[in-house]
Amino acid sequence: MSDVVLRIRDLDVTFTTGSGEVPAVRGVDLEVRRGRVVALVGESGSGKSVTSLSVLGLLPSTARVTGSVELADGEAVRDVVGTPEEQLVDLRGRVVSMVFQEPMTALNPTMTLGDQIAEAVLNHERVPRAVARERAVGLLRSVGIPEPERRAGQYPHELSGGQRQRVVIAIALACEPQLIVADEPTTALDVTVQAGILDLLRELVAQRGTALLLVTHNMGVVADLADEVAVMSGGRIVEHGPVEQVLLAPEHEYTRALLDAVPAVPPASDRGSSDRGSSLSRPGSEVSGVSTGSTGGVGSTGGVGATGDGSDTDADPREVVLDLRGVSLDYRVQGRHVRAVERLDLTVRAGEMLGLVGESGSGKSTAGRACLGLLTPAEGEVLLLGTSVARARGKARRRLLADVGVVFQDPGGSLDPRRLVGESIAEPLAIHGRDGRRLTAAEKRARVRELLDAVRLPAGAERRYPHEFSGGQRQRIGLARALALRPRLLVADEPTSALDVSVQAEVLQVLRDLHAELGFGCLFISHDLGVVHELTDRVAVLRAGRLVESGPTAEVFRAPRELYTAELLASVPTPDPAAQRERRAARQALAPVPGAVASGAAPAPGAAL
Amino acid sequence: MTTAIPAQSGAVEAGAAAPAPVRAARGGFGRFLIRRVLQALVVILVVSVIVFALLHALPGGPARGVLGQQATEEQIAAFEAANGLDQPVVLQYLSFLGRSLTGDLGESYLLNQSVSDAIALRLPKTLLLTGLSLVVAVLIAVPVGVYQAVRRNRAVDYWLSTLAIVAYSTPTFFLGMLLILLLSQTAGLFPAAAPQGTGIAEVLAQPDALVLPVLTGAVPIVATFSRYMRSATLDNLGEDYVRTARAKGTGRRRVVLRHVLRNSLTPVVAMLGYYLPVMFGGALVVEQLFNYPGMGLLFWSAAQSSDFPVLLGCVLVISVATVVGSLLADVVQAVLDPRTRGGLR
């Protein structure tokens, strides 16, 4: 088998469900060689995860598998298809192992990290328990966990998501398998943490010669790590080739569409040569100082900071729909107050889109909740259309909040599954009426149809239930509901982060069109810098509850003034392999220790909601 | 990584709060325990107030209850004076509380015995009966539930589920009679009467007589908890960590025994804590049925004869036992699941 460690031939996987046979994978051929990274990309439902699970024989019993999945086991070749479970147990972990998507749940919560790693060793080698424990500590050290001796005795909940993913990788490495299957290993992580994990995986492949089958939907991750790419769609591989070829000169239409849908941040090479400031300030040195924004010695750009103090003198004639003035927000955790947001100043004007970006735990969602009147600030004021939300009471408050629409992250969870879509959309109309009077049933129906049309859903959608729609359609339903009352401010909290890229592109297009047409102000909360770059006029960067930097999106992204913003931007992988190499170099120059920016730190308690 | 480089101040800032939960998780077990005990004391206090208030709100009060409907006003006044019932309610409660703390629960109106003596005589036996039932039940229910979950939707699973539902819906007294009829009258395997005697040792000396009462107490618990265990195990079998364990080459058997079992026990242990009062209720029926001289019988006769000091004492003891039981359940849970040790409850 020379140096081929995995050879998939004509793999077919069919699931038997209550409603018949559902084919998931059809005729997949794939080879992975020693020391190579092969990426399997595609959108949800393309069959990429099913293919990856079939490599370890981990498919559920409802799956029928044909074809062959051959693994090189020393001199021997073992076909996973048709091998009984007892023999697969011997292959798993020793010859092939796996890293999963969700580090928060991938580890046993009641077992120490050391024991979980040691178990992998003990499964395949006859060594004393103490030796296995020592190996576990060594593995923790090799995946970049600080104080491995102490960490080995800890439990998963004591570590941050990025660190847990490192532990999962340590488990996968324990018996030095020839092949690691990584199923969306960084999807659940913040960009800076993702960059650290990608660096770790790259090192492992380079140093140990382990082959990696990388399953992902993120083209940037592919460009960062992969040698070869196989694009899957509808259970088939539609395009397969070296990474440069597939990403830069895609042949198949689907690959092109997929790449086009990826929102991008401007290339790293544009950055650094900034006219906005002579040098980047170190984060932490003056963090509270920068929250008052663009006054810090950059005279030429004083006008761009439309936030905080600057907004009063700003010449922009558009009405301010949302104004946060020195807002601090607290959470109660075990009876203690934990500050989630510290003296935040933000302004959103009518017809403007403000992007609020930051990593998990940065307080961006908390700030969004305050704008909706769901949280009362501990300090400062939230002004909606010039009126303080906290001081408004009763009817006045309801009328004020009727001018705010909201779209949440989870398109399924925010719609009542037992209500017709039309009823859900009409609910705000029923509660608030229009111009102080109730709407007749016919008026409501007409408005619902108008809204569904605006979000490009077919007529008749109002008489169906949420589960009959796809994720992207559901999110558009949520958007229709948010716009039912013609709000003057829309708060969108990660509206597309649960969606596939092509679906995300659709939803964003609808949002963009409606925004242009209706002219509401929009607070767009997102961790995805690419989306924010494509969509918003201005951006505010949050970190640990404080405003790090704000200004016109194009300027901030092209020439960030703060080191943290620069690190954040450099951490976003771009789908161009050559450009990604440059970005990586730029990022590593910014943060000397790979992944040090955030991966080591557990999120501040309470700050992450 | 970050802790090693304080110069990267941003990382330190983001992680500054991290040591707090870690510390709480490690050194916090004692604090968790103290807080839970204090909470438990408050609950007991509230229960005692409620019970006291309820009993005094009865028409005619305790005096009428003891002396009967024919008692004259003078008799009642004399009884009330003798028992301190003519004092303000708050004072009565406080003196009751003060005496309770020193172990003096008053004198029974009818038994010619102090309440604490009456309870001290019977409580250990009830604890023995319910404790044995519980242990037997858990020893059966946990493996059965796990087995059912692993064999989900197979014939075995359906049969065991059916059996559990039948056992669950059978009233305890009927189940007891059925067991007496089958195992005692027909098969003659075990005696129908529970062990008699004053001490625990005496009761334990007749193990064959204990079988039927323990079994009667255990069967409904087995039925309930095999269901809990089955669903908890099923939930856990679908968890991501099970896939991780399988991906590193852990066999199915070991996955269930080492990973799933412990995680599935946590919700079941919590349910056991809530189940304790139900078990005391069950003991009432079982003791009555097998004529077993425990708290249930004592409570039963005291309720029938309006022996308020005994009732009050029983309720107090049972509520203490219940609160202590759920406290124990919490502690066991904290031992099983490190995440609950932070004292979030």
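Reader: In which sense does H21(A) pass H22(A), left-handed or right-handed?

Author: The rule: a crossing is left-handed if the near helix is turned anticlockwise from the far one by less than a right angle, right-handed if clockwise. Here H21(A) passes H22(A) in a left-handed crossing. The model is predicted: local features need pLDDT of at least 70, side-chain atom pairs pLDDT 80 or more, while totals for chains, interfaces and linings use all residues. Residues are numbered from 1 along each chain as its sequence is written, and chains are lettered from A and ligands numbered from 1 in written order.

Reader: At what angle do H21(A) and H22(A) pack?

Author: Helices are DSSP runs (H or I, at least four residues), numbered from the N terminus. Axes are fitted to C-alpha atoms over the stretch in contact; angles run from 0 to 180 degrees between N-to-C directions. H21 (563–571) and H22 (577–590) of chain A pack at about 150 degrees, axes 9 Å apart.

Reader: Which residues make the contact of H21(A) with H22(A)?

Author: Contact means C-beta atoms, placed from the backbone, within 7 Å. H21(A) supplies A:Leu563, A:Ala566, A:Glu567, A:Ala570 and A:Ser571. H22(A) supplies A:Arg583, A:Ala586, A:Arg587 and A:Leu590.

Reader: How are H6(A) and H7(A) set to each other?

Author: Under 35 degrees counts as roughly parallel, over 145 as roughly antiparallel, 65 to 115 as roughly perpendicular, the rest as oblique. H6 (161–173) and H7 (191–208) of chain A pack at about 15 degrees, with axes 10 Å apart. They are therefore roughly parallel. H6(A) passes H7(A) in a right-handed crossing. Among the contact residues are A:Gly161, A:Gly162 and A:Ile169 of H6(A), and A:Gly196 and A:Leu200 of H7(A).

Reader: And in chain B, what angle separates H11(B) and H12(B)?

Author: H11 (240–247) and H12 (252–290) pack at about 140 degrees, axes 11 Å apart. That makes the pair oblique. H11(B) passes H12(B) in a right-handed crossing. B:Tyr241, B:Val242, B:Ala245 and B:Arg246 of H11(B) meet B:Val255, B:His259 and B:Val260 of H12(B).

Reader: Where is the kink in H12(B) centred?

Author: A bend is the angle between axes fitted to the seven residues ending at a residue and the seven starting there. In H12(B) a kink of about 45 degrees is centred on B:Val260. B:Val260 also belongs to the contact with H11(B). Just after H12(B), B:Asn291 takes a positive phi of about 55 degrees.

Note on methods: Helix = DSSP H or I, 4+ residues; strand = E, 2+ residues; numbered from the N terminus. Contact = placed C-beta atoms within 7 Å.
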